[in-house]
Amino acid sequence: MSLDKRKARRADTGETVEVVFGDGVIAEVRACYDEPAAAAEALPFISPGWIDIQVNGYSGFDFNKEPVTAEDVLGVTAQMHKYGVTTYLPTIITGSFELMEQAARQIGSVCDTHELAANSIAGIHLEGPYLSGEDGPRGAHPREHTRDPDYAEWRQLQLASGGRVRMITIAPERAGTREFVSRLAEEGIAVCIGHTAASSEQLEAAARAGAVLSTHLGNGSHPVLARHPNYIWHQLGDDRLWASFIPDGHHLAPAVLKSMVRAKRDRFVFVTDCVALGGMPPGRYRSGIGGEVDVHPSGRLSTAGNPNILAGSSATMADCVAGGMRYAGLSLRETIEAVTQRPALVLGREDLGRLEPGTAADLTLFRVDGDGGVTVLETIVKGKSVYGGH
Ligand SMILES: [Zn+2]
């Protein structure tokens, strides 16, 4: 077995280490006790590869257009690598059955034929179609395609993907939710709650049936809510539920993000929820998500009709890691945990998210700049350098 190695500072402890890997797994994490302090300071940080459980597209590549092509899947995968993500869930939003099936089939077929895509895609996230049709909660999901859970339809989508759907976001107020959540939880699918206006009773029933996470909690909601109780407070206070947050400075005001991560303690993950228009120049575009979308100079994406309704994000995972520190006041260790070991736990992937011998040699090397920005220097997937490096 040929071994490769990287010397860097662990993002969690700051300790200088040499990470040795071969055959796609970490062989050894060796502490370098005799490294002079000045030399150690100049080294990049190293962490397990970053994991993003919600990716709609990026830089023109899109999982929500017709038809989704192999280039879309490979293009997004390369964009993820560029920003430090080694593992992600392509996310298909609410659409007609035909549209969603085609996307699921295409993603599955690229995973069958491209090793790097298969190594980077941990499954598909269906965000919809069983979501609220109400303005506000539905966000940018097309109302005409939101519908009640349909187990037979779910099976067909899962089949089209080659069994790759790993996560689904549903709105618990939809008829038939409880049985649907129980069945999917039994199948090992991570059922999430989002784009919902559910009552406390409906949220409670979904959590009891096996729902595990609140999707981008605090977004996909009414602009104005009863102060309490409401569906945001209820999910914040439910310790059974993980939450995902988009720490881009647009989706949650910094004080809100900070309060929410503190309420959730260590049961939150960060997602980009990035879309195809992410990384594109400012202007008005036609998009699969939200129809007409304005890309603002600040990077904020909103529906053209209503600037208060966000239409996904243009954030990269590097932005989110920086955002966790900048907006939520987290330490580097905590913000990295929210994109490594915690999403690995949500996905039930013990081989990911930890810098330990025997786990996948998925590694992200990066630096934190003077202004708090984060720059990815190298991304390694299963021992193979896929971005940057020397
Ligand atoms: Zn959403």
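**The annotated active site and the zinc ion**

Modeller: Asp 273 is found in the loop that runs between strand E14 (268-270) and strand E15 (283-287). The structure is a predicted model, and the "active site" label on Asp 273 comes from an unreviewed UniProt entry. Asp 273 counts as buried because its relative accessibility is 7%, which is under the 20% limit for that class.

The surroundings of Asp 273 come next. Apart from neighbours within four places in sequence, the residues in contact with Asp 273 are Asp 52, Gln 54, Asn 56, His 216, Ile 246, Gly 312 and Ser 313. With one of these, Asn 56, there is a polar contact between the two side chains, at 2.7 Å.

Through its NE2 atom, His 216 coordinates the zinc ion, together with Glu 127 (OE) and His 195 (NE2), at 2.0 to 2.1 Å. The donor residues follow the sequence spacing E-x67-H-x20-H. The histidine pair links distant parts of the chain, 21 residues apart: His 195 belongs to the loop between strand E11 (190-193) and helix H7 (200-209), and His 216 to the loop between strand E12 (213-214) and helix H8 (231-236).

Both histidines are buried: the relative accessible area is 6% for His 195 and 3% for His 216.

Technical notes. Residues numbered from 1 in each chain as written. Predicted model: local features only at pLDDT ≥ 70, side-chain atom pairs only at ≥ 80, totals over all residues. Heavy atoms only, no water. UniProt positions renumbered as here; feature names shortened; annotations may be inferred. Helix = DSSP H or I, 4+ residues; strand = E, 2+ residues; numbered from the N terminus. Buried < 20%, exposed > 50% of the residue type's maximum accessible area, 1.4 Å probe, protein only. Contact = heavy atoms within 4.5 Å. Polar contact = N/O pair within 3.5 Å; in protein donor to acceptor, adjacent residues only side chain to side chain. Donors = N, O, S within 2.8 Å, 3.2 Å for Na, K, Ca; no water.
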